[in-house]
Amino acid sequence: MKFKLLFLFVLSFAILCSEKLIAQTNVSGDITTNTTWTVSGSPYVLNGDIRVRNGATLTIESGTQISLGNHLLYVGYDGASESGILQASGVTFNGSAGNNGALRYEHSASGTVSNCTFTNTNVLFYSLSAPVITGNSFDVHSPLYLYSEAVIPNLSNNIYGSGKFYISLTIDV
């Protein structure tokens with residue numbers, strides 16, 4: 001009897017663990033209402049670009065993994081009325097080696113990204129975006145780009161790949 005109970009317990013535990021190991025959420029398209037990505041839905045795999053817009057906030061829970069592949073996660077899109085907000089802390093962002101995915105702040109986008117890890121992920125700031133980027137770790141394949149009309153984001157206490165800070169600055173004339 002004890003053996004049967006132990007066997008059922010182990011079998012139940014194995015089934016629960018295997019479901020968690022294969023769980024993933026495929027995402028693409030527009031986020032136009034407040035949305036939360038949870039650890040239980042992790043990893044979130046981008047099958048196309050994501051656009052957080054129309055004043056919506058995307059909140060990503062600590063411990064969540066985001067697989068960008070070579071897609072973009074836009075915060076804000078196509079004009080000031082399309083602004084978006086990203087709130088993320090303790091999140092892992094992974095792009096594809098050699099063809100990085102990107103976190104791209106557009107048109108008055110804002111929010112706070114803190115204590116996150118970026119691997120093979122470009123981070124781009126455009127058109128009056130002003131997020132707070134603090135306490136994050138960027139590998140050597142995760143450059144930051146500041147483009148014209150960008151309000152300089154609040155960058156503090158981040159670790160950059162080789163211990164050096166690289167910013168590619170492009171100014172359109």
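Leaving aside residues up to four places away in sequence, Phe93 touches Ile60, Ile66, Leu68, Leu73, Ala88, Cys116, Thr117, Phe118, Thr119 and Thr121, a contact being heavy atoms within 4.5 Å. Apart from it lies another core of six residues, including Leu72, Tyr74, Leu124 and Tyr147.

This is a predicted model, in which local features need pLDDT of at least 70 and side-chain atom pairs count only at pLDDT 80 or more, while totals for chains, interfaces and linings use all residues. Residues are numbered from 1 along each chain as its sequence is written, and side-chain values use heavy atoms, with hydrogens and water left out.

The largest nonpolar core has 31 residues, and Trp37, Ile60, Ile66, Leu73, Phe93 and Tyr105 touch the most other members. Strand 3 (residues 44-52) supplies the largest share of this core, four residues. A nonpolar core is a set of buried Ala, Val, Leu, Ile, Met, Phe, Trp, Tyr and Cys residues joined through side-chain atoms within 4.5 Å; buried means under 20% relative accessible area, exposed over 50% and partly exposed in between (1.4 Å probe, protein chains only). Strands (E, at least two residues) and helices (H or I, at least four) are DSSP runs numbered from the N terminus.

| Property of the protein | Value |
|---|---|
| Buried residues | 39% of the 173 residues |
| Contacts joining residues at least 24 apart | 42% of contacts between residues at least 6 apart in sequence |

Ser129 lies in the loop between strand 12 (121-125) and strand 13 (132-134). Ser129 counts as buried because its relative accessibility is 0%.
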